[in-house]
Amino acid sequence: WREAKPSAMAIGAAHSGNSSCLRPDARRPPLPAIIGNPMGKVHCAIGSVIIILEKQEQEERVIQWAQEDGRTMAGLDVHVVSGAASLNGVVTRMRAARHTAMCSPHGRSTMSL
């Protein structure tokens, strides 16, 4: 959970090309500029974020962050799970959604995971 916010901020920066929202970090080298002239959202290989809770008492706060700030920050779906069973359920639903998208009448995926 501790890594969720900085990860969402980094994903958001990758999608937008704007790294000004990232906190300063002396250990991180400067990010390279975007190549080309992308129009709108920059595509990247990350389609969803899954946060695995370490402590059950964090659940309410993490779910609230995921539904409000997390989705906005990262620009993608953020899922919260509390263990192996719920992780398996989320991954199964994501695979089913991807399969449905891949089998769309247009013959191409409309969703990336």
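A contact is a pair of residues with heavy atoms within 4.5 Å. This is a predicted model in which local features need pLDDT of at least 70 and side-chain atom pairs count only at pLDDT 80 or more, whereas totals for chains, interfaces and linings use all residues. Residues are numbered from 1 along each chain as its sequence is written, and side-chain values use heavy atoms, with hydrogens and water left out.

**Figure 1. Overview of the chain, with the pattern α-β-α-β-α along the sequence.** The chain has three helices and two strands; helices (H or I, at least four residues) and strands (E, at least two) are DSSP runs, numbered from the N terminus. Of the contacts with a separation of 6 or more, 62% join residues 24 or more positions apart. Among the 113 residues, 24% count as buried, where buried means under 20% relative accessible area, exposed over 50% and partly exposed in between, with a 1.4 Å probe and protein chains only.

**Figure 2. Helix H1 and the residue that follows it.** H1 has 13 residues and reaches 18 Å from its first C-alpha to its last, close to the 18 Å expected at 1.5 Å a residue; the expected span is 1.5 Å times one less than the number of residues. Its buried residues are Ala-4, Ala-8, Ile-11, Gly-12, Ala-13 and His-15, and these pack against E1 and H2. After the helix comes Gly-17, with a positive phi near 80 degrees.

**Figure 3. The contact of helices H1 and H2.** The axes of H1 (residues 4-16) and H2 come within 7 Å and cross at roughly 35 degrees. H1 contributes Ala-4, Lys-5, Ala-8, Met-9, Ile-11, Gly-12 and His-15, and H2 contributes Trp-65, Gly-70, Met-73 and Ala-74. By class, the residues of this contact are seven nonpolar, three polar and one charged. Axes are lines fitted to C-alpha atoms, for helices over the stretch in contact, and angles run from 0 to 180 degrees between N-to-C directions. Ala, Val, Leu, Ile, Met, Phe, Trp, Tyr, Cys and Pro count as nonpolar, Asp, Glu, Lys and Arg as charged, and the others, Gly among them, as polar.

**Figure 4. Asp-69 in helix H2 (residues 59-74).** Asp-69 counts as partly exposed because its relative accessibility is 42%. Its C-alpha is 9.2 Å from that of Ala-8, a residue 61 positions away in sequence.

**Figure 5. Ile-51 in strand E1 and the largest nonpolar core.** Ile-51 is buried, with a relative accessible area of 4%. Beyond four places in sequence, Ile-51 touches Trp-1, Ala-4, Val-62, Trp-65, Val-78, His-79, Val-80 and Val-81. A nonpolar core is a set of buried Ala, Val, Leu, Ile, Met, Phe, Trp, Tyr and Cys residues joined through side-chain atoms within 4.5 Å.

**Figure 6. Gln-58 in the loop between strand E1 (48-52) and H2.** At 14% relative accessibility, Gln-58 is classed as buried. Apart from residues up to four places away in sequence, Gln-58 touches Trp-1 and Leu-53.

**Figure 7. Residues 109-113, where pLDDT stays under 50.** pLDDT is the predictor's confidence in each residue, from 0 to 100. The chain has a mean pLDDT of 81, and 83% of its residues reach 70 or more. For residues 109-113 the model has 12 contacts beyond four places in sequence. Where pLDDT is low, the predicted coordinates should not be read in detail.
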